Amino acid sequence: MDYGFIRVAAAVPGLRVADCAYNAEKIIELIARAYEKESQIVVFPELCISAYTCGDLFHQEMLLEECLTQLERIISETRDKNIVSIVGLPIRADSQIFNCAAVILKGEILGIVPKAYIPGYSEFYEERWFAPGSKALTSSIRLLGRQAAFGTDLLFRDENDGGICFGIEICEDLWVPVPPSSYQAVCGASILFNLSASNEVIGKYEYRRQLVRQQSARCFAGYVYTSAGIYESTTDVVFGGHALISEYGTILSESERFCDEDQLICAEIDVQRLLNDRCKNTSFMELQQKPDYRFIDFKLRDLDLERLERAVDALPFVPSSPEKRDERCSEIFSIQTSGLAKRYRHTAAQYAVIGISGGLDSTLALLVTVKTFDMLGLPRKNIIAVTMPGFGTTNATYNNSIELMDTMGVGIREVDIRPACLQHFKDIGHDAEILDITYENVQARERTQILMDMANKIGGLVIGTGDLSELALGWCTYNGDHMSMYAVNCSIPKTLVKFLVLWAAENVVDERTSNVLRKVLDTPISPELLPPDKSGEIKQKTEDIVGPYELHDFFLYHMMRYGAPPLKILFLAEQAFGNSYRPEVIKKWLKVFYKRFFSQQFKRSCLPDGPKVGTISLSPRGDWRMPSDACAEVWLRQLD
């Protein structure tokens, strides 16, 4: 299976200026290398058959004819390789010379795309030799004994899957205010190729990189770029050989510049992901006048993926770079505090009530609440932090709670819920020795009732502590910890909560509080609703029951963000986690995820308000509208 991926390659051959036979040999070798790496499409630099820096030699009949001779050789010697190759050369048509990209496959020319914008400024003087694509008079040309489609209006489409479609632009086309690739994308191209010969000057590298990233993001597309290398003429400028493969704003692969060897970079473009994003973005197709394109159909080589060239993050919600992670945590903390501050300004409330368990979620919620009160100039003592020991509370979490509240200078209250729960068991006729769901949920609802009633008594707001992962799995008690007056963590997944607490320990709080936060980070995740073990340690560990949160967050991200089907998520998880989990273990927890996600929607349908901080939210008012009685059978059946 290809799971919606297309494997592409970008080549940077070492060329000789005007030595077309030598250049063709290099191109043929790199096509063979790309084919061996199971690439389905490979792109070469601008004018790669002749080299870009031929100058007035482009007006020499000998050079133009030799380019065609070597194009024929490339076509002939690669006809046994089922790979689409995009090569650059000058082509004469309509009494003009065009800077072109020739698209070839299995001995055939699929089409010829001329460069749309011809630069004639600074170090560029292509206008001396080449006409822009708009000056072409014909829509097809006779080339090497074949009739080939010709024009800037060509898109190339897989005959078996119309979603796999690519467009081509050449160098300067990317640098204009509205690149041709923008129109190509709106008209169906999911992958964009650029044959370039961009020279190197100070600062241009990063700007070029940003152009490629931004265009791939703006077009919801894969963008494959390659540029002429160091063996171009250095009479006036130097070329570095810069190749990039980008997908929706992310660089997947990049070449080394100023390398004296041939280079080939490969990566998989996730076309399924791109098309899913396009369908969700209602603005994507809003173009007043869409140009007419001619579609050239071809049959793409099948791809049977076992491993991906591209990296797959095991923690997709958490940036891998420490600098970006710190920046992300700071921004999230600001969003949370700003959202809560607005609620306090609107309600004119002066108090907050929050349950503190000694776990990660309530700790983060308390940190946010304290920061908000500091920002609003409200005394920290107006934050009523309540620890509510129950049947499963351990000394470790109890001590964490008390110490955390003390070091942060908030109001401390303690309410032992056990007597009330025992009374309630008696009232409803439940045997307190039966440690079932009723035994657990009575405690959760008792805690929520205490918090709500305290808030009513002092005119405060109950601050919710539950996170996105718990909402996805329904790992919360309906009308218990499921409910609050403002839920500051509602769109933060568990894997990210850990890093937010760690970031706060390192950047926000004093040393005493930091020490407590580190103890919380070392505590197993648990609702603590069942009695501890004989040694007084936590017995009820959430991840033993519902599965590892790092897996569930991975499943949630790929299902929600990209609409990925189960088998693709399973494949990606195997790539991301490697030997950390056996495939059958990943599959087991993925089934659990789907069953819980579908069966627990009724809890998400009535969530309290809370701020969206990332691309994924399960708010019924914002990002996620799903019937509470939808069936998971289609998803589970694919896994079976």
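Modeller: Let us start with a pair of helices. H12 passes H13 in a left-handed crossing. Keep in mind that the model is predicted.

Biologist: What describes two packed helices?

Modeller: The angle between their axes and the distance between the axes. Here, H12 spans residues 494-507 and H13 spans residues 511-521. Their axes come within 8 Å and cross at roughly 160°.

Biologist: Are H12 and H13 roughly parallel or roughly antiparallel?

Modeller: Angles over 145 degrees count as roughly antiparallel. H12 and H13 are therefore roughly antiparallel to each other.

Biologist: Which residues in H12 meet which in H13?

Modeller: H12 brings Lys498, Val501, Leu502, Ala504, Ala505 and Glu506. H13 brings Ser514, Leu517, Arg518 and Leu521. By class, this contact has 6 nonpolar, 1 polar and 3 charged residues.

Biologist: Now the cavities. What shows where empty space is left?

Modeller: Rolling a probe the size of a water molecule over the atoms. In this structure there are 2 cavities of 30 Å³ or more.

Biologist: How does the lining of the largest cavity divide by class?

Modeller: Into 7 nonpolar, 7 polar and 5 charged residues.

Biologist: How much space lies in the second largest cavity?

Modeller: About 70 Å³. Of its 14 lining residues, Val12, Gly229, Ile230, Cys259 and Glu261 are the closest to the centre. That lining has 6 nonpolar, 5 polar and 3 charged residues.

Note on methods: Residues numbered from 1 in each chain as written. Predicted model: local features only at pLDDT ≥ 70, side-chain atom pairs only at ≥ 80, totals over all residues. Heavy atoms only, no water. 1 Å grid on protein atoms, 1.4 Å probe; cavity = no way out; pocket = protein on both sides within 12 Å on 5 of 7 lines; lining within 4 Å. Points joined across faces, edges and corners; volume = space filled by probe spheres on them. Nonpolar A, V, L, I, M, F, W, Y, C, P; charged D, E, K, R; others polar. Axes fitted to C-alpha atoms, helices over the stretch in contact; angles between N-to-C directions. Helix = DSSP H or I, 4+ residues; strand = E, 2+ residues; numbered from the N terminus. Parallel < 35°, antiparallel > 145°, perpendicular 65-115°, else oblique. Left-handed = near helix turned anticlockwise from the far one by under 90°. Contact = heavy atoms within 4.5 Å.
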